[in-house]
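Subject: Structure handover

Hi,

Here is the structure for your set. My notes on it follow below.

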Amino acid sequence: MLVVAGIIFLGTLGLLIIGWLRRGTPGLPFFGQSERANVGLVIAFGMAIPATVLIALFIVSDLYVMGQTDAPPADQTELKLTVVGHQWWWEVRYPESGVVSADEIHIPAHTSIDVVARTADVIHSFWVPELNRKIDMIPGQNNRIELYAERPGAYRGQCAEFCGLQHAHMAFQVVAEPKASFERWLESQSRPAAEPTGALAERGMELFDENACAGCHTIAGTPAEGTIGPNLTHLASRGTIAALTVANTPHELGRWVRDPQSIKPGAKMPGLALTDADFHAIVAYLDGLR
Ligand code: CUA
């Protein structure tokens with residue numbers, strides 16, 4: 001596409017330059033003031049060439065490139081994932097092991113992953129530029145894309161379809177690991193949440209369950225079973241919060257829990273009217289969810 005567009009761009013530029021150089025001379029170069037040549041040029045450059053080029057590019061991209069980058073049939077992939085777009089974060093589900101996470105997609109390297117892309121609200125677009133093309137997340141539809149990482153590493157992903165106020169802060173990370181460490185990660189994520197250690201974290205857990213937090217977030221093994229916001233069972237194991245907007249440190253987590261709107265204006269998470277001591281306890285609890 002770049003080569004074809006480059007040729008057309010340079011050709012157009014050439015014609016413009018010829019026109020400018022001959023600006024004092026009436027009529028067309030080579031053809032003079034022939035009416036037939038005028039009509040012929042409009043038909044050739046305005047209709048025939050664009051139609052031919054667009055049809056050829058459509059055939060190449062649709063039949064060849066799309067076929068090459070489509071998700072392979074489900075029985076040829078080795079791991080299934082469901083990723084659900086939400087305003088403005090990513091829900092990540094591993095249906096075979098029941099693990100639910102957010103914003104950080106762990107995958108084994110050298111493995112064909114079948115990603116089912118869905119949305120909980122508006123249209124989003126799931127895109128990890130280094131691993132494959134984009135796939136739109138469309139209400140009521142399950143779209144599929146393959147992820148395959150040739151080497152372990154962290155690959156940034158980004159929502160690629162404008163989806164509202166915080167579209168630009170709807171990023172995620174794919175962490176591709178050697179198979180053995182991926183299996184260890186999956187096993188640790190499938191456990192229920194760590195028990196709070198210490199009086200402060202225990203108080204934090206109570207506050208979490210008494211307040212609105214538990215209505216939106218799930219922490220496996222506790223009464224918190226909300227599904228509107230990200231699953232927090234192993235929150236502290238993730239590197240960032242708020243879809244890669246800030247690092248997951250106690251300081252940033254504290255800022256986020258206290259006043260999410262100051263970090264991500266328009267985010268669906270409300271600020272709660274709690275005392276400093278209460279916020280402190282909640283953060284201590286969340287920070288222990290390894
Ligand atoms: Cu989600 Cu843009």
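C216 is partly exposed, at a relative accessible area of 28%. That value falls between the 20% and 50% cut-offs. This is a predicted model, so treat every value here as computed from it. C163, by contrast, is buried, with 5% relative accessibility.

Searching the whole structure gives zero disulfides.

On confidence: the protein has a mean pLDDT of 93. 100% of its residues reach 70 or more. Helix α2 (residues 35–69) has the lowest confidence, with a mean of 89. Strand β6 (residues 124–127) has the highest, at 98.

On domains: the assignment gives three entries. Domain 1 covers 2–69, domain 2 covers 79–189 and domain 3 covers 199–286. The centres of domain 1 and domain 2, taken over C-alpha atoms, are 41 Å apart.

On packing: the largest nonpolar core holds 32 residues. Y94, I105, F126 and V174 have the most contacts inside it. Another core lies apart from it, with 26 residues, including L207, L235, I241 and W256.

What does Y94 touch, leaving out residues up to four places away in sequence? Its partners are L79, K80, L81, V99, I105, H106, F182, W185 and L186.

Best wishes

Terms used: Residues are numbered from 1 along each chain as its sequence is written. This is a predicted model: local features need pLDDT of at least 70, side-chain atom pairs count only at pLDDT 80 or more; totals for chains, interfaces and linings use all residues. Side-chain values use heavy atoms; hydrogens and water are left out. A disulfide is a pair of cysteine sulfur atoms within 2.5 Å. Buried means under 20% relative accessible area, exposed over 50%, partly exposed in between (1.4 Å probe, protein chains only). Domain bounds come from an automatic or database domain assignment. A nonpolar core is a set of buried Ala, Val, Leu, Ile, Met, Phe, Trp, Tyr and Cys residues joined through side-chain atoms within 4.5 Å. Contact means heavy atoms within 4.5 Å. pLDDT is the predictor's confidence in each residue, from 0 to 100. Helices (H or I, at least four residues) and strands (E, at least two) are DSSP runs, numbered from the N terminus.
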